[in-house]
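Reader: Hi! Could you walk me through this structure in plain words?
Author: Happy to, here it is.

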Amino acid sequence: MPETLTPAQFADLAESVAREAAALAARRRAEGVEVADRKSSIVDVVTAADREVEDLIRTRIAQARPDDAFHGEESGSDAGSTGVTWVVDPIDGTVNYLYGSEQYGVSIGVVRGSADPVTWQAIAGVVVAPATGTVWRAVSGEGATRDGVPLGVAAPASLGEALVATGFGYTADRRREQVAVLAGLIGEVRDVRRAGAASLDCCAVGAGTVDAYYERGINPWDMAAGAVIAAEAGATVRIWEAGGTRSFLFAAPAVADELESLVRRLEDDVLGA
């Protein structure tokens, strides 16, 4: 199947599927959630709802676009023949979901190319927060919205006045490294937030409710949709290697260069690069 949809039509499909998936996730949360499995560590959990929601998303996309590629957190990758890949996190923020926090989202990104943030070309992205019904959406070259209202990044006057979001990995060693970087950063910015869902952190940058978000080691499904939402709202997006793992930065242009330089220097110090 050739790529016959416009970017906006891809976004329409992503939004329709994400809304249905969000409704399912919310129903399962109301019924009660239990851990179904653990992945990289004891704290890296997956619930039955993660798998069920991803199965729904995969099925709906296959019905509409059977020849597109699919890359999901829970069910892995299927190759396609159109050059289009759907990059999906069915429940981003699973630990929040498990604990009953509202900070979780259904994330669906659509890209040209493989599921590699360094090489793909974004087409569209949608993030839905099931607990609130909020819908973030972006179309490449056409801007980003929250519930239909255009988004725009903040403009902090300096790095010292920037509110910065971050996150932590699931292994003990990765967390220790990230905390060491944070220790060097926290005195250089206004304050730090840790919400626990990368997709929502990217959306927060786009909405201007934080000035930047950085994290080392997030996966393509964590940020495929959020990255295009942040970028279309005016954010600067940077990716680099640190200790054999990619670091990501989504920031208001006013502080992007200085924050990237600081985080990279701190990572080099911590990782011994």
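Author: What follows is a chat about salt bridges, spaces and surface in this model.

Author: This is a predicted model, where local features need pLDDT of at least 70, side-chain atom pairs count only at pLDDT 80 or more, and totals for chains, interfaces and linings use all residues. Residues are numbered from 1 along each chain as its sequence is written, and side-chain values use heavy atoms, with hydrogens and water left out.

Reader: Thanks! How many salt bridges does the structure hold?
Author: There are 17 salt bridges. The term stands for a side-chain nitrogen of Lys or Arg within 4 Å of a carboxyl oxygen of Asp or Glu.

Reader: Which residue does arginine 60 form a salt bridge with?
Author: Its partner is glutamate 20, and the closest N and O atoms are 2.9 Å apart. Arginine 60 lies in helix H2 (residues 48-64) and glutamate 20 in helix H1 (residues 7-31), so the pair ties together parts that are 40 residues apart in sequence. Helices here are DSSP runs of H or I with at least four residues, strands are E runs of at least two, and both are numbered from the N terminus.

Reader: And how accessible is arginine 60?
Author: Arginine 60 is partly exposed at 28% relative accessibility, and glutamate 20 is partly exposed at 33%. Buried means under 20% relative accessible area, exposed means over 50%, and partly exposed is in between, with a 1.4 Å probe and protein chains only.

Reader: Nice. What about arginine 28, which residue is it bridged to?
Author: Arginine 28 forms a salt bridge with glutamate 52, with 2.7 Å between the closest N and O atoms. This pair links distant parts of the chain, arginine 28 being in helix H1 and glutamate 52 in helix H2, 24 residues apart.

Reader: Arginine 65 and aspartate 68: buried or exposed?
Author: Both arginine 65 and aspartate 68 are buried. They also form a salt bridge, the closest N and O atoms being 2.7 Å apart.

Reader: Which residues are linked in a network of salt bridges?
Author: Asp12, Glu15, Arg19 and Arg137 are linked that way.

Reader: Switching topic: how much space lies in the largest cavity?
Author: About 70 Å³. On a 1 Å grid over the protein atoms alone, a cavity is a set of points where a 1.4 Å probe fits but cannot get out, a pocket is an open set with protein on both sides within 12 Å along at least five of seven lines, and lining residues have an atom within 4 Å of a point. Grid points are joined across faces, edges and corners, and a volume is the space filled by probe spheres set on the points.

Reader: What lines the largest cavity?
Author: The lining includes Thr166, Glu177, Tyr214 and Arg216. Helix H4 (172-185), strand E13 (212-216) and helix H7 (253-271) are the elements that give two or more residues to that lining.

Reader: And the second largest pocket, how much space is in there?
Author: About 250 Å³. It is lined by 16 residues, with Gln103, Trp136, Leu200, Ala204 and Thr209 nearest its centre. Helix H5 (residues 198-207) gives the most to the lining of the second largest pocket, with five residues.

Reader: Last one: where is glycine 83 found?
Author: Glycine 83 sits in the loop between strand E4 (76-78) and strand E5 (84-92). From glycine 83 to aspartate 269 is 40 Å in space, C-alpha to C-alpha, and 186 residues in sequence.
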